[in-house]
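Here is a short briefing on one protein chain. Look at the sequence and the fold, then read the points below.

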Amino acid sequence: QVQLVESGGGLVQAGGSLRLSCVASGRTFSSYAMGWFRQAPGKERDIIGISRSSGTTYYADSVKGRFTISRDNAKNTVYLQMNSLKPEDTGVYYCTAGGSDRDVRLGRGYWGQGTQVTVSS
């Protein structure tokens, strides 16, 4: 069982930056693929990116070049650095842990409670 707790959300102006954190419980954090999803108001939950256990990353086209995922296995933490934020980045951001890249993409695994990010124009 893995518990995930996100933090770092808030209100920011367009063009600004935020860093989200997701702390995981458990002793096998380094073996998990860690993903970030976003759910905008009235829309489905969409993948933002993945930090694989191998250390490689994947980003959705909508955030490529603006968002960066990193992880600190010693701290059981994955981060989402968000720069050049746009109003369309507004939504609830969720952290997820899965056994593989595919598990994360399919929504299989553990989920945090989400943290709200609001970008004003």
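How many positive and negative side chains does the chain have, and how far apart do the centres of the two sets lie? There are 14 positive and 9 negative side chains, with the two centres 4 Å apart. Lys and Arg count as positive and Asp and Glu as negative, while His and the chain ends are not counted. The place of a charge is NZ of Lys, CZ of Arg, CG of Asp or CD of Glu.

This is a predicted model, in which local features need pLDDT of at least 70 and side-chain atom pairs count only at pLDDT 80 or more, while totals for chains, interfaces and linings use all residues. Residues are numbered from 1 along each chain as its sequence is written, and side-chain values use heavy atoms, leaving out hydrogens and water.

**Overall build**

- From the N terminus on, the order of elements is β-β-β-β-β-β-β-β-β-α-β-β.
- The radius of gyration is 13 Å, close to the 14 Å that the globule rule gives for 121 residues, so the chain is as compact as a globular protein of that length. This radius is taken over C-alpha atoms, and the rule is 2.2 Å times the number of residues to the power 0.38.
- Buried residues make up 45% of the 121 residues; buried means under 20% relative accessible area, exposed over 50% and partly exposed in between, using a 1.4 Å probe and protein chains only.

**Nonpolar cores**

- A nonpolar core is a set of buried Ala, Val, Leu, Ile, Met, Phe, Trp, Tyr and Cys residues joined through side-chain atoms within 4.5 Å.
- The largest core has 26 residues, and Met34, Trp36, Leu80, Met82 and Tyr93 have the most contacts inside it.
- β3 (18-24), β4 (33-39), β7 (67-72), β8 (77-82), β9 (91-98) and β11 (115-120) each supply at least two of its residues, and β3 gives the most, with four.
- A second, separate core of six residues includes Phe37, Ile50, Tyr94 and Val104.

**Gly112**

- Gly112 is in the loop between β10 (110-111) and β11.
- Gly112 counts as buried because its relative accessibility is 12%.
- Not counting residues up to four places away in sequence, Gly112 touches Leu4, Glu6, Tyr94 and Cys95; contact means heavy atoms within 4.5 Å.
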